[in-house]
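This briefing is meant for someone opening the structure for the first time. It goes through the helix, the aromatic rings, the sheet and some single residues in turn.

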Amino acid sequence: MFNFLIKISLVPSFLWDFIWAPIWKKCMKRCGKGVYLRPMLSDIKGLNNLSIGDGTSIPKGSTFYCTRASLTIGNKVIFGPNPTIITGDHRIDVIGKHLIDVTDDEKRPEDDAPVVIEDGVWCGANVTILKGVTIGRGSIVAAGAVVTKSCEPYSIIGGVPAKLIKMRFTPEQIIEHERLLEGK
């Protein structure tokens, strides 16, 4: 009985997301087919700078701040719970102002930089990805990682700040893997 009540309690949030997800997708720079999105249970800013590829899953609890720079998420990308991606920083060098008082118009070009997550990436739970980072295709970002630098395709990275743990495949296996993916 309690399991049934718990499942019933989840219905309103799923319906709310079901209603709003198509609207949010239309407001994005680009949204592919088969994208799973829970917009009402996430914090997503700057939809006009957000592009998401086909078959990607954006879970509830996502925090995506697309500032003046774009966020591009490829095809078939999966995220664990509570990912955070931020494409900009605060300007910290203005004398005579508190950080909160520095306006968006006072930002410099280097304060914002695009984030790219290529196809087939898996980002674990509570991952943070900061401005200017490219996550190479087929990479895995370990849970809790804070990514401040780009990584090569098929890397496994983790830590604070994230560093290369190992490669998923040998160079020969990468060639075979990509050949097989091309055949699909």
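The span expected of a helix is 1.5 Å times one less than its number of residues. With that in mind, helix H1, which covers residues 2-27 and so has 26 residues, reaches 39 Å from its first C-alpha to its last, close to the 38 Å expected. The model described here is a predicted one.

**Helix H1**
- Although the end-to-end reach of H1 is close to the expected value, the helix has a kink of about 35° at tryptophan 20, shortly before proline 22.
- The buried residues of H1 are Asp17, Ala21 and Trp24, and these buried residues pack against strand S2 (36-37) and strand S3 (43-45).
- An α-helix has 3.6 residues a turn, so residues three or four places apart point the same way.
- Tryptophan 16 and tryptophan 20 both lie in H1, four residues apart, which is about one turn of the helix.

**Aromatic rings**
- The count of aromatic pairs comes to three, where rings pair if their centres lie within 6.5 Å.
- One of them is formed by tryptophan 16 and tryptophan 20, whose rings are 6.0 Å apart centre to centre with 70° between the planes, an edge-to-face arrangement.
- Tryptophan 16 is partly exposed, with a relative accessible area of 45%, and tryptophan 20 is likewise partly exposed, with a relative accessible area of 29%.
- Phenylalanine 64 and phenylalanine 79 have ring centres 5.8 Å apart and planes at 55°, so this pair is tilted.
- Because phenylalanine 64 lies in strand S6 (residues 63-65) and phenylalanine 79 in strand S8 (residues 78-79), the pair ties together parts that are 15 residues apart in sequence; both phenylalanine 64 and phenylalanine 79 are buried.
- Another ring, that of phenylalanine 14, has the charged end of arginine 38 sitting over it, 4.1 Å from the ring centre.

**The open sheet**
- Five strands form an open sheet in the order S3-S6-S9-S12-S15, with parallel pairing.
- S3 and strand S15 (146-147) stand at the edges with a single partner strand each, so one side of each is left without a neighbour in the sheet.
- Within this sheet, S6 is joined by three bridges to strand S9 (residues 84-86), the two running parallel, and tyrosine 65 stands opposite isoleucine 86 in S9.

**The hairpin of S16 and S17**
- Strand S16 (residues 155-158) and S17 run antiparallel and are joined by four bridges, with isoleucine 157 standing opposite leucine 164 in S17.
- The two strands form a hairpin with four residues between them, and glycine 159 in the turn has a positive phi of about 105°.
- Strand S17 (residues 163-167) has five residues, of which the number buried is zero, so S17 lies largely in the open.

**Two single residues**
- Serine 51, in strand S4 (residues 50-52), counts as buried because its relative accessibility is 12%, and buried means under 20%.
- Leaving aside neighbours within four places in sequence, serine 51 is in contact with Lys29, Arg30, Leu71, Thr72 and Ile73.
- Histidine 98 is placed in the loop between S9 and strand S10 (115-117), and histidine 98 is exposed, with a relative accessible area of 61%.
- Between histidine 98 and proline 39 there are 32 Å in space, C-alpha to C-alpha, and the two are 59 residues apart in sequence.

Terms used: Residues numbered from 1 in each chain as written. Predicted model: local features only at pLDDT ≥ 70, side-chain atom pairs only at ≥ 80, totals over all residues. Heavy atoms only, no water. Buried < 20%, exposed > 50% of the residue type's maximum accessible area, 1.4 Å probe, protein only. Contact = heavy atoms within 4.5 Å. Bend = angle between axes of the 7 residues up to and from the residue. Phe/Tyr/Trp six-rings, centres within 6.5 Å; stacked < 30°, edge-to-face > 60°. Lys NZ or Arg CZ within 6 Å of the ring centre and 35° of its normal. Pairing = 2+ DSSP bridges.
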